[in-house]
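Biologist: I have not looked at this one before. Can you show it to me, and then take my questions as they come?

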Amino acid sequence: MDFEETPSKITTKEFLAVVLAGFGNELAPLTSNNGDEPCPKALLPIVNKPMLDYPLAWLEASGIRDVLLICPAPHRASVLHYINSDSSASSFPSLRIDLQAFDESENLTVGTCQLLRHFAHRIDQDFIIVPCDFIPPPSLPLSRVLNKFRTEATYDGAIATTLFFEQPKPDKTSTPEEWRSGPASTSVVWDEKSGTLLHVDTPDEIDDDPEEMALNMSLLRRYPRSKLSANLQDAHVYVCRRTVLDVLKEKPRFDSIREEFIPWLCTPQYNSRKRSKYGHILNPLHNLPSQRLALEHCTLHTGLPSAYEPQSALSSPMDEVAPTETSSLRVGVVVHRASAGYTARANTLQTYLELNRHFLSQTTYALPIDSESRSLIDPKAQITSDSMVGHTTKVGERTNIKKSVIGKHCVIGKYVRIVGCVILDHCVISDGAKLDGCILGTNTTVGVKSELSKCITQAGYEVGDGGMHCCFPYSKYLTVKH
């Protein structure tokens with residue numbers, strides 16, 4: 001894996017991927033420090049594979065090669081060690097990753113808009129923002145989003161393309177308390193025919209009146225068949241023109257991309273005042289050489305017509321009264337339906353647990369291939385096919401493991417019962433312990449004959465011997481939202 005600037009083919013320079021890996025406060029206590037050792041959100045495992053693996057694999061499969069990975073300064077050493085490891089290098093051999101860290105002292109931990117402003121000098125081309133916690137299904141290739149942006153940026157001067165996904169139905173094994181505390185959906189207005197994002201509810205609007213939504217009449221005139229969807233979630237995946245950063249610099253009060261900037265970015269496409277003020281910055285006029293490059297990558301079109309004459313959406317004073325169906329400064333939207341494949345962001349404890357459960361349902365467990373790991377599992381242990389046990393984990397006699405993920409280098413004693421749990425690396429579970437629906441952080445120790453139900457532990461936590469324990473109950477932590 002390459003961290004230095006090296007010459008590359010022009011086709012690799014079409015997009016820069018900006019991967020955001022935050023502190024993961026919404027996943028506490030799993031991301032709480034283990035003494036002086038940080039527990040980076042990006043490296044939390046989902047079925048024993050670091051969370052960061054999933055978006056990086058998604059990017060590489062799309063043909064993107066250049067990645068700007070931004071993480072907190074305390075996490076930099078751990079993240080750097082991971083992406084320099086042999087397993088990472090073999091998984092993403094073609095990615096060139098520029099790892100950059102931000103420090104709390106720079107007042108950059110507040111929002112994603114501040115991060116983009118701070119690192120804008122490292123982004124010199126059209127870019128795609130991807131969170132480290134987005135887990136896409138095989139049925140949703142990134143090329144689907146990129147191709148929509150390429151086509152619309154070429155033919156009508158669109159400035160961005162967003163990705164939303166339908167909220168999946170609650171898992172059958174979840175209790176009502178669990179699924180009610182899952183991630184909240186976003187109310188959005190969009191035009192399905194053209195795939196245009198028109199309006200996104202902001203937190204201020206929801207707080208003022210959660211049952212009402214104010215829409216501009218010019219929006220309804222332009223898109224009379226708009227749809228209102230209340231069951232969509234923002235994937236936080238945005239493909240943007242480089243000029244979008246220039247507008248962002250003029251909006252210093254914006255803190256959140258999802259909650260403030262994207263909702264605002266939808267308005268210039270139907271608001272003539274904003275279109276007139278910011279159109280010259282967003283620069284919707286076409287650059288034919290760059291658009292030809294974009295269409296070479298697009299599987300939907302073969303090239304740009306030689307007689308193509310770009311038309312500016314600002315050219316007609318009657319544009320707002322009698323617009324075309326697609327016009328300059330549009331924000332496109334791709335909507336992934338739940339029926340097309342399960343997808344989620346691991347940005348709450350509930351979705352983190354659900355993602356692990358989902359992947360378990362898609363796999364069948366088999367004993368480890370290597371003799372070292374196989375010898376550590378007692379032949380009298382019972383491990384169901386919908387479970388997973390990590391490398392060099394020891395499992396004792398007559399231990400029963402069902403519907404659970406056990407991390408690497410764990411020690412599980414005799415007569416232990418584990419059901420519906422996610423146990424991270426280096427945990428020790430003593431003889432006779434019983435765990436039901438728990439998430440145990442790295443290096444957790446569970447005492448002899450202890451019983452845990454629907455609990456979460458931070459890294460390094462020690463549970464005493466015997467009796468029922470409730471370390472961090474779901475009622476406290478499953479209500480955390482991003």
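Modeller: About 840 Å³ of space lies in the largest pocket. A pocket here is an open set of points on a 1 Å grid over the protein atoms alone, with protein on both sides within 12 Å along at least five of seven lines. The volume is the space filled by probe spheres set on the points, which are joined across faces, edges and corners.

Biologist: Which residues are closest to the centre of the largest pocket?

Modeller: Leu43, Pro50, Tyr82, Lys408 and Asp425, out of 26 residues that line the pocket. A lining residue has an atom within 4 Å of a point. Strand 3, helix 2 and helix 3 each give two or more residues to this lining, and helix 2 has the largest share, 3 residues.

Biologist: Before we go on, what sort of model is this?

Modeller: It is a predicted model, where local features need pLDDT of at least 70 and side-chain atom pairs count only at pLDDT 80 or more, while totals for chains, interfaces and linings use all residues. Residues are numbered from 1 along each chain as its sequence is written, and side-chain values use heavy atoms, with hydrogens and water left out.

Biologist: Back to helix 2, then. Which of its residues are buried?

Modeller: Helix 2 covers residues 76–83, and its buried residues are Val79, Tyr82 and Ile83. Buried means under 20% relative accessible area, exposed over 50%, and partly exposed in between, with a 1.4 Å probe and protein chains only. Helices (H or I, at least four residues) and strands (E, at least two) are DSSP runs, numbered from the N terminus.

Biologist: Why do the buried residues line one face of the helix?

Modeller: Seen down the axis of helix 2, they fall within an arc of 90°, so they line one face. The arc is taken from the directions from the helix axis to the C-beta atoms. Ala77 and His81, on the other side, are exposed.

Biologist: What do the buried residues of helix 2 pack against?

Modeller: Their partners are strand 3 (49–50), helix 1 (53–61), strand 4 (66–72), helix 3 (86–91) and strand 5 (96–102). Contact means heavy atoms within 4.5 Å.

Biologist: New topic. How many salt bridges are there in the whole structure?

Modeller: A search finds 14. A salt bridge is a side-chain nitrogen of Lys or Arg within 4 Å of a carboxyl oxygen of Asp or Glu. In one of them, lysine 41 meets glutamate 26, with the closest N and O atoms 2.6 Å apart. Both residues sit in the loop between strand 1 (16–20) and strand 2 (45–46), 15 residues apart.

Biologist: Is that pair buried or exposed?

Modeller: Lysine 41 and glutamate 26 are both buried.

Definitions and conventions
1 Å grid on protein atoms, 1.4 Å probe; cavity = no way out; pocket = protein on both sides within 12 Å on 5 of 7 lines; lining within 4 Å.
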